[in-house]
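I opened this entry to log what I looked up in the model.

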Amino acid sequence: MSESKFDLKNALAYAIHAEIQANEFYKTWAENARTPALKKEISELADWEDTHKKTLSKYYQELFGEPFTPDPNVTVDPALRVQADEFKDYYSLLRLISTAYLSEMRAAEFYEKLVEEVDSQETKAMFNDLAKMERGHMDFVKKRYDELRGELEGRLML
């Protein structure tokens, strides 16, 4: 499908909102991380999401001649709208981490679909890169989930 038939403006707006909300989620998680090392890793994820937002916003401005303006009423993944106290309980944290994993998977799949919708090789490359980064985030989140689950299972065995 060519870019003229595909609504790239709405797709980019959706993607930018998703990156903003993922950044907010990871910042909240980092603020509530149990160790300085984990806080640093999660903060880096938040920074990556912010970089994705900036890349997409720049592209949006270049294509449409106007800056992207976030709509506060848009919620891409309601499960990522969390409160800090949700990070205090093991079971809530496991749920939040699994939600983050699914959110990253949906983001990767979304960018992979966008690759098929655009004609420009440069745009395809950008969306491919974003999809790969989101898959990397999935791996990171799964590792944290497995670690936390192992920690919880160890506590239950005591």
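This is a predicted model: local features need pLDDT of at least 70, side-chain atom pairs count only at pLDDT 80 or more; totals for chains, interfaces and linings use all residues.

**Entry 1: a pair inside one helix**

I looked up Lys-142 and Asp-146. They form a salt bridge, with the closest N and O atoms 2.9 Å apart. Both lie in helix 4, four residues apart, so about one helical turn separates them. Lys-142 is partly exposed, at 43% relative accessible area. Asp-146 is partly exposed too, at 40%.

**Entry 2: the annotated domain**

I checked the UniProt record. The unreviewed entry places "domain: Rubrerythrin diiron-binding" at residues 11–143. Over that range I read 76% helix and 0% strand. The end C-alpha atoms of the range are 30 Å apart.

**Entry 3: the cores**

Which residues touch the most other members of the largest nonpolar core? I found Phe-25, Tyr-26, Trp-29, Ile-42, Phe-87 and Val-141, in a core of 23 residues. Helix 1 (8–31), helix 2 (36–64), helix 3 (90–117) and helix 4 (121–157) each give two or more residues to this core. Helix 3 gives the most, with six residues.

Leaving aside neighbours within four places in sequence, Val-141 contacts Tyr-26, Leu-45, Ile-97, Ala-100 and Tyr-101. There is also a second, separate core of 21 residues. Its members include Leu-8, Leu-56, Tyr-59 and Leu-114. As background, nonpolar side chains tend to be buried together in soluble globular proteins.

**Entry 4: helix 2**

I counted 29 residues in helix 2. From first C-alpha to last, helix 2 reaches 41 Å, close to the 42 Å expected at 1.5 Å a residue. Its buried residues include Leu-38, Ile-42, Leu-45 and Ala-46. Glu-49 and His-52 are also among the buried residues of helix 2. Gly-65 follows this helix, and its phi is positive, near 70°.

Glu-104 lies in helix 3. How far away is the nearest side chain of opposite charge? That side chain is Arg-135, 9.6 Å away. Glu-104 is buried yet has no salt bridge. Beyond four places in sequence, Glu-104 contacts Tyr-26, Glu-49, Glu-134, His-137 and Met-138.

**Entry 5: salt bridges across the chain**

I noted 13 salt bridges in the structure. The side chains of Arg-106 and Asp-77 meet in one, at 2.5 Å, N to O. Arg-106 is in helix 3 and Asp-77 is in the loop between helix 2 and helix 3, so the pair ties together parts 29 residues apart in sequence. Is Asp-77 buried or exposed? At 8% relative accessibility, Asp-77 counts as buried. Arg-106 is partly exposed, at 42%.

Next I followed Arg-135, which forms a salt bridge with Glu-112. Their closest N and O atoms are 3.0 Å apart. This pair links distant parts of the chain, with Arg-135 in helix 4 and Glu-112 in helix 3, 23 residues apart. Arg-135 is partly exposed, with a relative accessible area of 30%. Glu-112 is partly exposed as well, at 31%.

Last, I looked for a network. Glu-41, Arg-144 and Glu-147 are linked in a network of salt bridges.

Notes: Residues are numbered from 1 along each chain as its sequence is written. Side-chain values use heavy atoms; hydrogens and water are left out. A nonpolar core is a set of buried Ala, Val, Leu, Ile, Met, Phe, Trp, Tyr and Cys residues joined through side-chain atoms within 4.5 Å. Buried means under 20% relative accessible area, exposed over 50%, partly exposed in between (1.4 Å probe, protein chains only). Contact means heavy atoms within 4.5 Å. Lys and Arg count as positive and Asp and Glu as negative; His and the chain ends are not counted. A salt bridge is a side-chain nitrogen of Lys or Arg within 4 Å of a carboxyl oxygen of Asp or Glu. The expected span of a helix is 1.5 Å times one less than its number of residues. UniProt positions are given in the numbering used here, feature names are shortened, and annotations may be inferred rather than shown by experiment.
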